[in-house]
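Visitor: I have a new structure open and would like to learn how to read it. Could you walk me through it, feature by feature?

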Amino acid sequence: MARHTGNGYYVQAPADSSWYGGADVGDLLIQARQAQEAKERKQRRIVGFIAFIVVVIFVAVIGLVSYRSIAKRNAAQNVTEDQAYSALQGVKLKPKFANDKGGILFSKAGYGKKTANAPTLEIYTDPMCPGCAVLHQQMDATLRALLDSGQINLEIHPVTFLDNMSTDHYSSRADNGVAYIASNDPDPNHLLDFITNIHSDDFQPEEAADYKPVNNRQLQEQAMAAGVPEDIASKAFGNEYEPWLSAAAQYTLRRPELKDIGGQFKGKLTTPVVVINGKMLDISGISDIGLTYKVAILQSIGLANEDIGVAGKQPAIGADGNPTFPKTQPSA
């Protein structure tokens, strides 16, 4: 209890306690407030210190991740062609019919087999590449006819250069489907039809900021529409072939024979790439002179338009001849 004196209020202890003589209530309140403020300052210092440590750890983690990312990218850039080739050969899980350069060969005779006396077309495409879509839209029906009649062998190289242009590794997932279908569905026409479907104008997604996510179910539907059985299509779009796809892309990037020989990207590898009997078609050049892929490829292999799909009418260059590429520079 408290009683008044001329000098102010004093606090008196209960009757069973000793008397707190001379302690001013105001002083006690000030002391209590000061103790509380000291406690709060200490708590703020502790919280601030913890926050500081968290920030330091966060920055360190980000720095470590960035360092590792940069180191990994620099290491990849410093890899030679021979080292990239060796890395590709060392991948444990590869598509069933993949060759040593990251391609999947098929013909009228099936996967991994060549038709005799027929030229081999290698096609390197990325499922997000707009230029690749133009190639497939112009050529796939012709390629199918040439394959079915035994007039060409086809070697597909699925590349994933544009994976970073999507938010969900679209190129890798779509190309994993190419690898899986080739390994599990014995009909190459199903694979080619799937490739056609994903490069169609009403399916191929836009790049970068315009990308709208494409889920695995949508890719499965395109595979089934191409004739791939549902039990295969449902398992085709995981990431089991990602190490092979990545290693194949790294090797492809380092092959000098695949780099542009003219145009604004001279000396760089751009997609699509078309190689005929080991010789690269100058795509920039044929575009400059206004040729379609169909006209340029038919001229290169030596086959008349009216002979497309006609069994027994083989391209003039055969299996080993040099392609007769169109002149890609106008005459002086």
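Visitor: In which sense do S3 and S4 pair, and over how many bridges?

Guide: Start with the general idea: strands of a sheet pair through backbone hydrogen bonds, either parallel or antiparallel. Here S3 and S4 pair in the antiparallel sense, over two bridges. Two strands count as paired if DSSP finds at least two bridges between them. They form a hairpin, with two residues between them, and Phe 106 has Tyr 111 as its bridge partner in S4.

Visitor: Before we go on, what kind of model is this, and how are residues numbered?

Guide: It is a predicted model, where local features need pLDDT of at least 70, side-chain atom pairs count only at pLDDT 80 or more, and totals for chains, interfaces and linings use all residues. Residues are numbered from 1 along each chain as its sequence is written, and side-chain values use heavy atoms, with hydrogens and water left out.

Visitor: How many helices and strands are there in the protein chain?

Guide: The protein chain has ten helices and eight strands. Both are DSSP runs numbered from the N terminus: helices are H or I with at least four residues, and strands are E with at least two.

Visitor: What is the order of the strands in the open sheet?

Guide: Six strands make up this open sheet, in the order S4-S3-S6-S5-S7-S8, and the pairing is mixed. Strand S4 (110-111) and strand S8 (279-280) are at the edges with a single partner strand each, so one side of each has no neighbour in the sheet. You can find Phe 106 opposite Leu 154 in S6, and Thr 125 opposite Pro 158 in S6.

Visitor: Are the faces of strand S3 covered or open?

Guide: In a regular strand the side chains alternate between the two faces of the sheet. In strand S3 (residues 104-107) both faces are covered: Ile 104 and Phe 106 are buried on one side, and Leu 105 and Ser 107 are buried on the other. Buried means under 20% relative accessible area, exposed means over 50%, and partly exposed is in between (1.4 Å probe, protein chains only). Of the 332 residues of the protein chain, 40% count as buried.

Visitor: Which residues have the most contacts inside the largest nonpolar core?

Guide: In soluble globular proteins, nonpolar side chains tend to be buried together. A nonpolar core is a set of buried Ala, Val, Leu, Ile, Met, Phe, Trp, Tyr and Cys residues joined through side-chain atoms within 4.5 Å. The largest one has 62 residues, and those with the most contacts inside it are Leu 121, Leu 154, Tyr 170, Leu 191, Phe 194, Leu 219 and Ile 301. H4 gives the most to this core, with seven residues. There is also a second, separate core of six residues, including Tyr 124 and Met 280.

Visitor: Why is H4 described as largely enclosed?

Guide: Because 14 of the 15 residues of H4 are buried, the rest of the structure largely encloses it.

Visitor: How do I read a loop residue such as Ser 149, and is it buried or exposed?

Guide: Ser 149 sits in the loop between helix H3 (130-148) and strand S6 (153-158). With a relative accessible area of 8%, Ser 149 is buried. Contact means heavy atoms within 4.5 Å, and, leaving out residues up to four places away in sequence, Ser 149 touches Lys 108, Gly 309, Val 310, Ala 311 and Gln 314. A polar atom of its side chain also lies 3.2 Å from the backbone oxygen of Leu 146.

Visitor: Where is Thr 160 found?

Guide: Thr 160 is in the loop between S6 and H4, and is buried at a relative accessible area of 11%. Apart from neighbours within four places in sequence, its contacts include Asp 126, Ser 171 and Asp 175.

How values were computed:
Polar contact = N/O pair within 3.5 Å; in protein donor to acceptor, adjacent residues only side chain to side chain.
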